[in-house]
Amino acid sequence: MKNIKDIIKETITELKRKNIEVTPNNYFKQFCEISRLFDTNIKECQDFLTLVSTIDDLDKQNIDTPLKLSKYFKKRCNTKKNGLKKLIKSFHEILAPSVNHEINDELKDFIKYLLEKPTRVIQRDSISNLKKLTNKRIANDRTVLKNKTDDIIKITSLMGKYFDKTLPTSSNSTEDIHKIKNELEELNISDASTRELSFLQSKLIESAYTIENSIEKYKAEISHGKEDLKKLENTITKLQQELNSIKEENSLDFLTNVLNRRSFDKEIIKIEQKYTLFQSNYAIVFYDIDYFKKINDTYGHDCGDAVLRTFAGILKGLTRQEDIICRWGGEEFIVLLNYTTENEISKYITRVKNLIYKSEFKYKSNDIKVKFSAGVSYRNRYQNHFDAITQADSYLYQAKNNGRDQVVLEDNIII
């Protein structure tokens, strides 16, 4: 083991021998190499090697001087900033108003503010502003839709009144039409519907003038028009009901009335966006009814269907509106559960087990004892939601292989 003076002397000699300029970086590199050759522990050299070893990069073996290390960190910082810039630029697509554009300028100013210094995006006030903009956008769009609905009701109400007052049974038709014409002119249409409904309003006023001047001639036609309007109104109502029914049928499992697999694929994309933007945690719970085939073989498929409906109903009763429940296939169900602490998930699983065990599964005169196995994974422990779902499925099969009637969670916790 050599002392510092010997190492310094040997370092300078070696640099001269190699014809290398004695700069701070060259000196540091050669000094550390000589100290290792002399088996002398120099703290600065050890600290440098320790810092380099923490770098997760294929090229870290080329980092042998403080200058190269500083350049590496500068490059990493620039890369991170570029990634943040891409994320910030995507905010406009995510939050761009679809109906009410009042927050457009505010959104542009916010994005410009973040792009000036991308690291601001992870600051608490920026996250708070992002949430406020999101809520404001939703509230504005809802207000516009409500205003448009109210305006349509105003117009259709007046149209109905318009036809009623021009029926042949009316003895004061001309006077009534004159009043309706004035009401149409004074009708207070919101700004949200001005472009769409002002033209309709003008046409109605024009029609009122025409009917006012020739009311007797058109009474029969107006009466017929009222009937057509009623028929059209009934047709629209029926079509809307059918549309809502088809939409609901397409998104729900026909047997259990929870989401089907196709709808789950759409919903998890929304959950993932919320997870990415706001770091909101959620768990994946995979359920499987134990010995379900035996139930079908013993009591028949009608009984099996009844068990599935009851089991899904119990899960729905314990699942909040912001959570997702889906029939994955056969006797398997999957639940996406939002949480603040992991302890909430354990309490939820315990409630499900207690309620399933206490519930009476009856089919005709038969009492059927139903148990289940499940696996639980936490999204924030995995690179993506696909891996998290795969792991929850793996925990489910672990529970089944262990004898069923149990739930396996992360960290090998069993309930």
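How are H12 and H13 oriented to each other? This is a predicted model, so I keep that in mind throughout. I looked up helix H12 (residues 301-317) and helix H13 (residues 342-358), and they pack at an angle of about 140° with axes 10 Å apart. Over 145 degrees would count as roughly antiparallel, and H12 and H13 are therefore oblique to each other. I also noted that the crossing of H12 and H13 is right-handed.

Next, salt bridges. I get a count of 13.

I went to Asp288 and Lys400 first, where the closest N and O atoms of the salt bridge are 3.2 Å apart. Asp288 sits in strand E1 (residues 282-289) and Lys400 in helix H14 (residues 385-401), so this pair ties together parts 112 residues apart in sequence. Both Asp288 and Lys400 are buried.

Then a pair within helix H11 (residues 292-299): Lys293 and Asp297 are four residues apart, about one helical turn. Their side chains form a salt bridge at 2.9 Å, N to O. Lys293 is exposed at 59% relative accessible area, and Asp297 is exposed at 54%. I also found Glu14, Arg17 and Lys18 joined into one network by salt bridges that share partners.

In helix H10 (residues 261-278), Glu267 and Lys270 are three residues apart and bridge at 3.6 Å, N to O. Glu267 is partly exposed at 23%, while Lys270 is exposed at 51%.

Last, the surface. Ile4, Ile8 and Ile12 make a nonpolar patch of about 210 Å². Ile12 belongs to helix H1 (residues 4-17) and is partly exposed, with a relative accessible area of 32%.

Technical notes. Residues are numbered from 1 along each chain as its sequence is written. This is a predicted model: local features need pLDDT of at least 70, side-chain atom pairs count only at pLDDT 80 or more; totals for chains, interfaces and linings use all residues. Side-chain values use heavy atoms; hydrogens and water are left out. Patches are made of residues with over 30% relative accessible area and no salt bridge: like charges are joined within 9 Å, nonpolar side chains (Val, Leu, Ile, Met, Phe, Trp, Tyr) within 5 Å. Accessible areas come from the Shrake-Rupley method with a 1.4 Å probe; for residues, only the protein chains shown count as cover. A salt bridge is a side-chain nitrogen of Lys or Arg within 4 Å of a carboxyl oxygen of Asp or Glu. Helices (H or I, at least four residues) and strands (E, at least two) are DSSP runs, numbered from the N terminus. Buried means under 20% relative accessible area, exposed over 50%, partly exposed in between (1.4 Å probe, protein chains only). Axes are lines fitted to C-alpha atoms, for helices over the stretch in contact, and angles run from 0 to 180 degrees between N-to-C directions. Angles under 35 degrees count as roughly parallel, over 145 as roughly antiparallel, 65 to 115 as roughly perpendicular and the rest as oblique. A crossing is left-handed if the near helix is turned anticlockwise from the far one by less than a right angle, and right-handed if clockwise.
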